[in-house]
Amino acid sequence: MNIRPALTATIAGFAFAVLAATTLQPAVAHASDDRARTSEVRQLRESGKILPMEDIITRSRAAQPGQVVEVELDREDGRYVYEVKIIDDTDKVHKLEIDAASGEVLNRKAK
């Protein structure tokens, strides 16, 4: 069974949902905590401290062609890092860690 058309059809709407769900950790927090986290991410983006997710997706696809299926924004060792999962044409999953400020690929793994 080929799931690629289904992924392609839903990736745009899913990308926002994934970002919202993964950047609002802890996921089952109070609504005010969620709003504070969302506000923090918005401020980081507007101040230029992190790149927009659209740029990260473009850079990810340039580094590893395929379908982006998950994006997370985490803070690691004092800096923000986007974790991006991509499925290539052979159905191999690639995980890229990208510096959220510069867009530099920090680490890549294939599963």
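Guide: Helix H3 (residues 53-63) lies across E1, E2, strand E3 (93-99) and E4, at about 55° to E2. Helices (H or I, at least four residues) and strands (E, at least two) are DSSP runs, numbered from the N terminus. Angles run from 0 to 180 degrees between N-to-C directions of axes, which are lines fitted to C-alpha atoms, for helices over the stretch in contact, and contact means heavy atoms within 4.5 Å. This is a predicted model, where local features need pLDDT of at least 70, side-chain atom pairs count only at pLDDT 80 or more, and totals for chains, interfaces and linings use all residues. Residues are numbered from 1 along each chain as its sequence is written, and side-chain values use heavy atoms, without hydrogens and water.

Visitor: What makes E1 and strand E2 a pair?
Guide: Two strands pair if DSSP finds at least two bridges between them. E1 and E2 (residues 79-87) have nine, in the antiparallel sense, so they count as paired. One of the bridges joins Gln67 to Ile87 in E2.

Visitor: Why do strand E1 and strand E4 stand at the edges?
Guide: The open sheet has four strands in the order E1-E2-E3-E4, with antiparallel pairing. E1 (67-76) and E4 (105-110) each have a single partner strand, so one side of each lacks a neighbour in the sheet.
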